[in-house]
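Reader: I am new to this structure and would like to go through it slowly, one question at a time. Could we look at the chain and the model together?

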Amino acid sequence: MKKQLVTLNINGEDMDLRIAPTDVLADVLRKEAGLTGTKKGCGQGDCGACTVIIDGKAVLSCLTLAIACQGKKITTIEGIADQKTGEMNPIQKAFLNHGAVQCGFCTPGMVMASKEYIDNGGIADREEIKKALSGNLCRCT
């Protein structure tokens, strides 16, 4: 299938990428944009490792056609740190400081789902947090 040049806004930067109509966003982020923080686990929308935020909503990038993301704001795990200082996002710091990382494969998806939850007014309630993260699976536990 022929690839075409498409501009995607990723982490606040317009990137011109070669994309086929059938390319999923997870593959484009990793292979074309060089952003390997987004993990592709199951490729079927079951594990959540590929979670990114598109226009403020957590989305499974393994199920999202990249071409459909034109004109939208895509945020990956690489884009949530402070762009000026490089300092980690408070959610990333909390995961690190509280031992929430084991092998690290699921961590980007968990962090992105957490960010969307907090950004959209989520409260510090154990049951609500569990529900918000229920689409993310950890292979280690």
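Reader: Which residues does Leu17 touch, not counting residues up to four places away in sequence?
Author: This is a predicted model, in which local features need pLDDT of at least 70 and side-chain atom pairs count only at pLDDT 80 or more, while totals for chains, interfaces and linings use all residues. Residues are numbered from 1 along each chain as its sequence is written, and side-chain values use heavy atoms, with hydrogens and water left out. Taking contact to mean heavy atoms within 4.5 Å, and setting aside residues up to four places away in sequence, Leu17 touches Gln4, Leu5, Val6, Leu8, Ile10, Val28, Glu32 and Ala33.

Reader: Which residues of the largest nonpolar core touch the most other members?
Author: A nonpolar core is a set of buried Ala, Val, Leu, Ile, Met, Phe, Trp, Tyr and Cys residues joined through side-chain atoms within 4.5 Å, where buried means under 20% relative accessible area, exposed means over 50%, and partly exposed lies in between (1.4 Å probe, protein chains only). The largest such core has 17 residues, and those touching the most other members are Leu8, Ile10, Leu17, Ile19, Leu25, Ile54 and Ile74.

Reader: Why does the distance between the ends of helix 3 agree with its number of residues?
Author: The expected span of a helix is 1.5 Å times one less than its number of residues. Helix 3 covers residues 107-119, so its 13 residues should span 18 Å, and this agrees with the distance between its end C-alpha atoms, which is 18 Å.

Reader: How many residues of helix 3 are buried, and what covers them?
Author: The buried residues of helix 3 are Thr107, Pro108, Gly109, Met110, Val111, Met112, Ala113, Ser114, Lys115 and Tyr117, which makes 10 of its 13 residues, so that the helix is mostly covered. What covers these buried residues includes strand 3 (51-54), strand 5 (73-75), helix 2 (90-97) and helix 4 (126-132).

Reader: Is Met110 buried or exposed?
Author: Met110 is found in helix 3, and, not counting residues up to four places away in sequence, Met110 touches Phe95, Leu133, Asn136, Leu137 and Cys138. Its relative accessibility is 15%, so Met110 counts as buried.

Reader: Where do Asp119 and Lys115 lie, and how far apart are the closest N and O atoms of their salt bridge?
Author: Side chains of opposite charge can pair when their charged atoms come close, and a salt bridge is a side-chain nitrogen of Lys or Arg within 4 Å of a carboxyl oxygen of Asp or Glu. Asp119 and Lys115 both lie in helix 3, 4 residues apart, about one turn of the helix. Lys115 counts as buried because its relative accessibility is 17%. In the salt bridge between Asp119 and Lys115, the closest N and O atoms are 2.7 Å apart.

Reader: Which parts of the chain does the salt bridge of Glu32 and Lys3 link?
Author: The side chains of Glu32 and Lys3 meet at 3.4 Å, N to O, and the structure holds 7 salt bridges. Glu32, with 35% relative accessibility, counts as partly exposed, and Lys3 is likewise partly exposed, with a relative accessible area of 37%. The pair, 29 residues apart, links distant parts of the chain: helix 1 (residues 25-32), which holds Glu32, and the segment before strand 1 (4-10), which holds Lys3.

Reader: Over which ring does the charged end of Arg139 sit?
Author: A charge sits over a ring if NZ of Lys or CZ of Arg is within 6 Å of the ring centre and within 35 degrees of the ring normal. The charged end of Arg139 is 4.2 Å from the centre of the ring over which it sits, and that ring belongs to Phe105.

Notes: Helix = DSSP H or I, 4+ residues; strand = E, 2+ residues; numbered from the N terminus.
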